[in-house]
Amino acid sequence: MSDIHIENLSRRRFLQGSAGLTLGFCLPSIAAAAGPAAAASFEPNAFLRIGADNSVTVISKHLEMGQGTYTGLATILADELDADWQQVRVEGAPADAKRYNNVFWGPAQGTGGSTAMANSWEQMRQAGATGRAMLVSAAAKRWQVGTADIAVRDGVVSHAASGRRASFGELAAEAANEAVPGAVKLKDPKDFRLIGKQAKRKDSAAKTDGSAQFTQDVFLPGMLVAVVAHPPLFGARVKSFDASQAKAIKGVVEVVQIPQGVAVLAADTWSAKKGRDALTVIWDDSAAFKLGSDEILARYKELAKTPGLVAKQTGDTSQAFAGAAKVVSAAFDFPYLAHAAMEPLNCVVRLNADGCEVWNGEQFQTVDQGRVAQVFGLQPAQVKLNMLYAGGSFGRRACTQSDYVLEAAHIVKAIDGRAPVKLVWLREDDMRGGYYRPLFHHALQAALDANGKLVGWTHRLVGQSILTGSPFEQMMVKDGIDHVSVEGASNLPYAIPNLTVDLHTPSDIGVPVLWWRSVGSSHTAYSTEVFLDEVAAAMGKDPLALRLDLLGEHPRHAGVLKLAAAKAGWGKPLKATAGVRRGRGIAVHESFNSYVAQVAEVSVRKDGSVKVDRVVCAVDCGTAINPDNIRSQVEGAVGFALSAALSGEITLKAGRVEQGNFDGYPLLRIGEMPVVEVHIVPSTAAPTGIGEPGVPPLAPAVANAIAAATGKHLHRMPFNPAELVA
């Protein structure tokens, strides 16, 4: 450890070696609000440390993977503490579900579902206000004055009448002896001094000068690097292997079989990769999955001809369609998608005499901790997780099966723990053998009565479950319905009197699936919002007007729609360009309790190629903790979603994934990025998520703009330019 600097000290180690103020809090009101499961698991937590050096350290229970979590959490706490933003730093928390529980998930620590700000809002405010109260109490005793006469601002505690002042650091040791108050008064939002402002991100400087710690930056004495030969087909196993050529590669130290394949260990990544290339493995594919994407989709289309399990039903759709004057129908296909984060998967594991230590961009702390413990026969508390930065994830590092983390542990176990191991997945390893956003088929129908009114809606979905077989199955799969498969469809906000949403969940498809940024909404927003535009066309109505007519009971949806439309100039003609068809489209969607509407402007050339020129976004995510970060997240979401709309597709042929890297799975180039405008709805409501909600409306807004330009509604993603040739 002498050659690396890891910030993530355990709480116990810090308490043993520090002389500052560390605050632990019991927040029963939060636990009660989160429901019975969370209440049972919610115990004292620690989020704040004030050092004698006047540093204010915020402990983040959530991973920073580029979404701004460290800055957002620190902003909330520092505002209530009245700290100087310059003295605030952030550390990742160790794994401890008792103190760092995600209160929306029950007894588990993890980052995902755009929950970081939402479930930490009250916690971090309480933490900051409690710390402030203890500092004030300590100052009052030192100066022999009343607490009501003491003020705190920018990290300085002062008494105006006597002119006395003290920094947080000067008061830290005395404050540590103060009793933790049972209740504290939180600020009135009008008194916020950091929340709602655009404070600089806490991770930018370190990421700019290279001092930020990612897993790839970890180097331990004697450490070996492992690259694994994974089976080429999902479900295949190692039958036999010959390591002689691999061991002949300079730098290769050992070759071992593990449950996931064959691991080559070397002094460095390149030697390990060369060793893997030289390895001969014979695979047993007798139980492997061997269908291609086209065959899977064909099966799904057959399933869609029959009713599935009902996820939502209101009114009588059969009667509505029986009496319909007009029926509109459409079907939509969505491919498998890779996460394709910039930082490939990696993990470091070291077995010690009394336990195990893991370094990782850790998104599922306690799930991974428990599984690693099982590998080594340890108690979870014996597995220490060091949460480092992650270079993106989009859900991939929150694997419900802990795949790559367990793989690293199995490699260490296979060499009897005699060296720490850094596991490195090349991008091809993840793209050809990882986890994917499920392939889905949707079939929708709408019934219009004789007056042209929308009176019936059916939506049938077919696709694999992300949650079945995972730790979340019991909580989020009810009566065979995977909640995330139908989110965005089963809670359709539009006032349609007769509505049915049903679902087929095939269990015989052996492709590993996982949540992907915005999860189910990544496909349900597209099918519902594109189909509604087709319904509007059939009714002869303006798409915006139809949406507003149907959103009478959903003012936040309507609010962002109106704002986006006004800022985009909805209804005004677009500037004409010779030889180019131009159109404007709109879409709105709620996900993770945040509301986003987007208006896209596109140009479609004669060859069918599409250029998205401008995207105007309106966002309602409650209190805007850091408006600049909200804009950044939505801008990033637009680029992310546009990649999928224009080119994102993982395909299988005879069970093998055909793509391997960015040449076959291209991401949006900077020259393809549209102008993006983000407008935030002012709000004093509690903050909700923003990491994902910017994704779902983008593709349907663009597709609706393409339809406005060409008259062609696109029913398949990614878009096919051949369908748009003039």
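His 159 counts as buried because its relative accessibility is 8% (buried, under 20% relative accessible area; exposed, over 50%; partly exposed, in between; 1.4 Å probe, protein chains only). The model is predicted, with local features needing pLDDT of at least 70, side-chain atom pairs counting only at pLDDT 80 or more, and totals for chains, interfaces and linings using all residues. Residues are numbered from 1 along each chain as its sequence is written, and side-chain values use heavy atoms, without hydrogens and water.

His 159 belongs to strand 6 (residues 156-159). Strands (E, at least two residues) and helices (H or I, at least four) are DSSP runs numbered from the N terminus. Beyond neighbours within four places in sequence, His 159 contacts Trp 143, Val 145, Asp 149, Ile 150 and Arg 164 (contact, heavy atoms within 4.5 Å). From His 159 to Val 486, the C-alpha separation is 58 Å, across 327 residues of sequence.

An open sheet of five strands has the order 13-23-20-19-14, with mixed pairing. Two strands pair if DSSP finds at least two bridges between them. Strand 13 (309-314) and strand 14 (326-334) are the edges, each pairing on one side only. Strand 13 pairs with strand 23 (residues 498-504) over five bridges, in the antiparallel sense. Here Leu 309 stands opposite Leu 503 of strand 23.

Helix 18 (residues 521-539) lies across strand 14, strand 19 (440-448) and strand 20 (454-463). Helix 18 runs at about 150° to strand 14. Axes are lines fitted to C-alpha atoms, for helices over the stretch in contact, with angles from 0 to 180 degrees between N-to-C directions.
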